[in-house]
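Here is a brief report on one structure.

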Amino acid sequence: MNLKFNILKSALIFSALFLHTAIGFGQNDILELLPGSDFIDFSNTRGYHRLVGNVHFTYQGNEMFCDSAHYFEKRKIVRAYGKVHINKKDTLNLFCDSLYYNGKKRKATLWGNVRVRDNEFKLTTDTLEYDANTGQAYYLHGGKVQSIKSNEVLTSEIGYFHPETKNFFFSKNVVYKSPDINMTTDTLRYLYSQKKTFFQGPTNIEAKETKMYCESGWYNTATEEGSLQRNAWISRDSDYISGDTLLYHPKESEYIGYGNVYYMDSVQKISFNSDYAFSSDTLNYSLLTGHAYATKYIEDDTLFIHADTLYNYKSDSLELIKAYHGARIFSNQFQGRADSITYNKAAGKIEMFYSPIVWAKTAELKGNFIDVDLNDSLIEHINIYDHATILMEVEPQLYYNQISGKKIIADFKDNDLYRANVVGNAMTVSFPEDNAVKDSIPTITRLGMNRLYSSRLRIDIDSNEITGVTYIDKPDGAFYPMDQIVKSEQFVPDFDWKNALRPKKLEDIFRDDEIGVEDEKDESAISN
């Protein structure tokens, strides 16, 4: 899962800085008129000073410019009109067409072509409300925040700013754009104390070659860690990952997924499903557990691998899956199970450890260790080591053609077993048949049982039937007519028919071993 989830590192830096020196009207209630006004008038009846033309004054620590202004001294109200400009200690500038400020309530409203600018960022909106008591500024009819030093732009219908706590809130049609990231969301909230950005509602993020989606999430601007939640997914190059929750730790190049995790590599044609997933780009491996299974798309078939825990190792020269504890394989062509399974795509090999079984069409192959040589979806060879057996049922729960030995090399063509080379303690038991046609009706008659021992055997097979046996050393053989079969020689050593454990469909690889146990007991009783 070689994804880079580079989410919003700079998306709200401007929010952390913007308005932190906002319209902090102080306690100096005296309006100090500065040189430059063309006309000054005072109305006793209306109780205000009227200033007209190049108005310039200071009030409550703020330097103000405008075309005209009304100052209601008793009510501590200032109304300013035309080219209004407020400057606070040369760190913050506000511009608008008109302004209303109530000094008693310490609340201000700015109208018309409102622009607020500090050394790094600029806010533009139609109307801006400011409450000096809470330190909150907000717009409700659309606004845009731009970085002066970079090409970052954020727009929304609603925006709230809390300069003292440096917490910010944007809502409705929130769009953030920068040279590296484009994001749309319904709600965006930044908490300065936690250094976290939160987003709510359908959220789309595009960062270079990466696309992301979630309906809830957060991003830490200090650690660069992030979390996508609720229908979350990330798509990058050939990689796609989705889950209930996706976590990203960029400094460690690690990713974690919780709940309904799905990962797809379209180039390697492989996908993974699990309840939990961990991936490290640095270590080039992924771990999956909880209903974990891999899906490998191969020519004319699909290979499924399931186990309690899956490891996926991927590099330029390696594609390796390791399945531990209760491993199962399913495809249309063959099936298998073992405690642990390793699948090496580059080498075209499956290795099976601890009580392995492979079912290929009508053959059941078992031993202490098995490795399978594949050519895409076709089995070429199966090598069975120690207590090796091949069983082929010819009459259900009655007769089985059998091969056993220390080591068996089984050769396949079109996934049909056609030859077995047995090395060490070689033994075969078979039930030859006679095919006849009488009155245009074909009949099959079992002639008896062949039993053959040798140190090495080569056995030819066609449609489950043993058609020829070649021995290297002098064999020990016997033939028993059907009514004279010796029970003690009817089965090879380690005979144990396990067909009840064979997955007949994909869902069977997830079933508990207890299912089918009774059937297995019945089948095991055959050799008793």
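## Basis

This is a predicted model: local features need pLDDT of at least 70, side-chain atom pairs count only at pLDDT 80 or more, and totals for chains, interfaces and linings use all residues. Residues are numbered from 1 along each chain as its sequence is written, and side-chain values use heavy atoms, with hydrogens and water left out.

## Aromatic pairs

The structure holds 24 aromatic pairs. Rings of Phe, Tyr and Trp (its six-membered ring) pair if their centres lie within 6.5 Å; planes under 30 degrees apart count as stacked, over 60 as edge-to-face and the rest as tilted. Y139 and F161 form a tilted pair, with ring centres 6.1 Å apart and planes at 50°. This pair links distant parts of the chain: Y139 is in strand β9 (residues 136-139) and F161 in strand β12 (residues 158-162), 22 residues apart. Strands are DSSP runs (E, at least two residues), numbered from the N terminus.

Y139 is buried at 0% relative accessible area. F161 is buried too, at 1%. Buried means under 20%, exposed over 50%, partly exposed in between (1.4 Å probe, protein chains only). Ring pairs join Y139, F161, F168, F170 and Y190 into a cluster.

## Charges over rings

R75 lies over the face of F72, 5.0 Å from the ring centre. The charged end of R189 sits over the ring of F198, at 4.8 Å from its centre. The criterion is NZ of Lys or CZ of Arg within 6 Å of the ring centre and within 35 degrees of the ring normal.

## E254

E254 is found in strand β19 (residues 254-265). E254 is partly exposed, at 22% relative accessibility. The C-alpha atoms of E254 and D281 are separated by 6.5 Å.

Note on methods:
Helix = DSSP H or I, 4+ residues; strand = E, 2+ residues; numbered from the N terminus.
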